[in-house]
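Please look over the sequence and the structure shown below.

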Amino acid sequence: MTYSHEVEHMCVVKKGPNHGPAPIPEEGKWVKSKEIVDISGLTHGVGWCAPQQGACKLTLNVKEGIIHEALIETIGCSGMTHSAAMASEILPGKTILEALNTDLVCDAINTAMRELFLQIVYGRTQSAFSEGGLIIGAGLEDLGKGLRSQVGTLYGTLAKGPRYLEVAEGYIKHIFLDSNDEICGYEFVHMGRFMDEIKKGTDANEALAKVTGTYGRVTEEDGAVKKIDPRHE
């Protein structure tokens, strides 16, 4: 350690009380974190690229400073999906400090990593008050059956109004209108479950019927008077 001339000739003044860092909540415990290995928790966060044309939702499950589970969901440019593929290999096994200083290929993923790092090291995690934290695999629970991201894709114009294309339940086949031409219900296909049925060998039409559902008012008795395909009508 090299000191300047001025510091070298200063007298010593002893340090007073040192209570250490404030404790943060981690997996049901209060932890005074001093090292990366003191950090644990599962959390989600969102990042965006520099031109703000794409976004990443990142989920990390950290145990004793090491990333054991990573879920990368992207929306925006096509290249982001391939960046996410690489990030899924890069992140597990790294400490959160390593991951913060690693190129995760896409700027949106890098930004998400930065935002998650801040949440985790400050104790702002979803598992902060869960004793023992969350098991490895908990990151997939947001995806539900079929392991597909919960994506909302909705479109609207002033001239023709709104079109539901995809919501949490799945791909929208039809929207139903009432006598005021307002949306009163929709018919959807759960794409994750649909693909599961196809992989099991179920006939495509039978599989489609099994995973098709409705929400809202979709019958004449309930006041639905028109059914339209939101992609073509």
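Leaving aside its neighbours within four places in sequence, which residues is Arg163 in contact with? Contact means heavy atoms within 4.5 Å, and those residues are Leu154, Tyr155, Gly156, Ile175, Ile228, Pro230 and Glu233. The model is predicted, with pLDDT of at least 70 needed for local features and 80 or more for side-chain atom pairs, while totals for chains, interfaces and linings use all residues. Residues are numbered from 1 along each chain as its sequence is written, and side-chain values use heavy atoms, with hydrogens and water left out.

Arg163 belongs to strand 7, residues 161-167 (strands are DSSP runs of E, at least two residues, and helices runs of H or I, at least four, numbered from the N terminus). Arg163 is buried, that is, under 20% relative accessible area with a 1.4 Å probe and protein chains only, where over 50% is exposed and in between is partly exposed. The side chain of Arg163 reaches the backbone oxygen of Lys160 at 3.0 Å.

Arg148 sits in the loop between helix 4 (107-121) and strand 6 (153-157). Why does Arg148 count as partly exposed? Its relative accessibility is 36%. Beyond its neighbours within four places in sequence, Arg148 is in contact with Leu143, Glu166, Met191 and Gly192. The C-alpha atoms of Arg148 and Pro17 are separated by 53 Å, and the two residues are 131 residues apart along the chain.

Lastly, the pocket. Strand 4 (55-63), strand 5 (66-75) and helix 2 (79-90) each supply at least two residues to the lining of the largest pocket.

How values were computed. Lys and Arg count as positive and Asp and Glu as negative; His and the chain ends are not counted. A salt bridge is a side-chain nitrogen of Lys or Arg within 4 Å of a carboxyl oxygen of Asp or Glu. A polar contact is a pair of N or O atoms within 3.5 Å; within protein, one must be able to donate a hydrogen and the other to accept it, and residues adjacent in sequence count only if both atoms are side-chain atoms.
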